[in-house]
Amino acid sequence: MNLPAGHPAIPSPKIGVLLINLGTPDAADPPAVKRYLGEFLSDKRVVELPAIAWQPILRGIILTTRPKKSAHAYQQVWREDGSPLAAITRAQSKGLQGAFGEGVVVDWAMRYGRPAIGDRIQAMKEAGVERILLAPLYPQYCAATTATANDKAFAHLATMRWQPAIRTLPPYYDDPLYIDALKTSLEAGLAALDFTPDAILASFHGMPQRTLELGDPYHCHCRKTARLLGEAMQETLGGRELIVTFQSRFGRAKWLEPATDTVLEALPAKGVRKVAILAPGFSADCLETLEELAIRGRESFEGAGGTHFAYLPCLNDSETGLAMLRALLSRELQGWVP
Ligand SMILES: C=CC1=C(C)c2cc3[nH]c(cc4nc(cc5[nH]c(cc1n2)c(C)c5CCC(=O)O)C(CCC(=O)O)=C4C)c(C)c3C=C
Ligand SMILES: [Fe+2]
Ligand SMILES: [Fe+2]
């Protein structure tokens, strides 16, 4: 194309898929964790309290005490290539590169910390991307996760003169593609164990009970995922229950129950001494699964008399996980991609 002198370059139009997850510190040390928690816990979608009441508590108490404790927890799970959440999301993005045909670029971003959503949208635009599928990788919708990721993307779009067109990945908590992937992964995980669990726990990240009362569908989405997975796994379960629990309680308010740690501590007394636990609400392993479940969960269970404990990994960038993402995302790209 011949452009008049001084006209900005016009690259050939491309499509972008932006995988988004929650965010994680840049390093497993207290200053990096403090920066991350400061951004995360200042999000009004996450802590729904008036800033005038919350910010003094956050700055005066939480950010002076929690970073040291959390940094220690991050150190237990940190990998050579960084935070597990970031490393796995990066691997998912790499694993999907080229999966949707020529002209479709795949990238990843974090809601808090780096790579920032706005920066990645801007980079896509500069590379000639005119249509973006935003993919917050949360199977169950929650305003504190899905909505805030999309909000952040739209806040960046608000600064752009020439915006790309946007689609967002809907929650997929009841999608047969997701339930099948969980089933395949759970069956393989169970088959590889050297014991037969008496019970299987599905632990979802919790949220305040009040959020449910205000109309957030997250709790119902978690329950439905577990019901569908239980139905799909009927044969393997053979009468054993798939127990649903909620983890990672934060703050003093009442959170969704039953709490994962309370259940793990109570099971041995009920005759359940062998458990396997999975975290179907996390698309990538992270602090909350690798430290809270696989390390501290095991300690709680064994401390209460449990004899066998297994944590089964998330879908991550496994073949099963990537095949599911490829299928879910291809569906959302219909009409954009031939
Ligand atoms: C998967 C869904 C998630 C929901 C729902 C969720 C809600 C939620 N979380 C907090 C507070 C914290 N969460 C933290 C870590 C964390 N949370 C999720 C996912 C969900 N959170 C992930 C994937 C992670 C791991 C990040 C990582 O770096 O690996 C933390 C930070 C860690 C710590 O200091 O313990 C806090 C704090 C609230 C208040 C909330 C509900 C509204
Ligand atoms: Fe969280
Ligand atoms: Fe519900």
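Predicted model: local features only at pLDDT ≥ 70, side-chain atom pairs only at ≥ 80, totals over all residues.
I started at E288, which sits in helix α11 (residues 287-303). Helices here are DSSP runs of H or I with at least four residues, strands are E runs of at least two, and both are numbered from the N terminus.

Residues are numbered from 1 along each chain as its sequence is written, while chains are lettered from A and ligands numbered from 1 in the order in which they are written.

**Entry: the annotated pair**

I looked up E288 in UniProt and found H205 and E288 listed under "binding site" in an unreviewed entry. Positions are given in the numbering used here, feature names are shortened, and such annotations may be inferred rather than shown by experiment. The two are spread over 84 residues of sequence, yet they cluster in space, with a largest C-alpha distance of 8.0 Å.

Is E288 buried or exposed? E288 counts as buried, with 20 C-beta neighbours inside 10 Å. My cut-offs: buried means 20 or more other C-beta atoms within 10 Å of the residue's own, exposed means 12 or fewer, and partly exposed is in between, with C-beta atoms placed from the backbone. H205 is buried too, with 27 other C-beta atoms within 10 Å.

Next I checked what they touch, where contact means C-beta atoms, placed from the backbone, within 7 Å. Leaving out residues up to four places away in sequence, E288 touches H205, Q247, S248 and F282. By the same rule, H205 is in contact with Q247, S248, G281 and E288.

**Entry: the sheet around H205**

H205 belongs to strand β5 (residues 199-205). Which order do the strands of this open sheet take? The 4 strands run β6-β5-β7-β8, with parallel pairing; strands pair if DSSP finds at least two bridges between them. At the edges are β6 (242-247) and β8 (308-311), each pairing on one side only. From one strand to the next, the twist averages 25°.

I then followed β5 and β6, which pair in the parallel sense over 6 bridges. Q247 in β6 is the bridge partner of H205. L242 in β6 is the bridge partner of I200. Because 5 of its 6 residues are buried, β6 is largely enclosed by the rest of the structure.

Helix α11 packs on this sheet, touching β5, β6, β7 (274-278) and β8, and its direction makes about 175° with that of β8. For these angles, axes are lines fitted to C-alpha atoms, for helices over the stretch in contact, and values run from 0 to 180 degrees between N-to-C directions. Helix α8 (residues 218-232) lies across β5 and β6, at about 155° to β6.

S248, a contact of both H205 and E288, has a positive phi of about 60° although it is not a glycine. S248 lies in the loop between β6 and α10 and counts as partly exposed, with 18 C-beta neighbours inside 10 Å. In that loop I also found P258, where the peptide bond from E257 is cis, with omega near 0°.

The peptide bond from R114 to P115 is cis as well, with omega near -5°.

Definitions and conventions: Contact = placed C-beta atoms within 7 Å.
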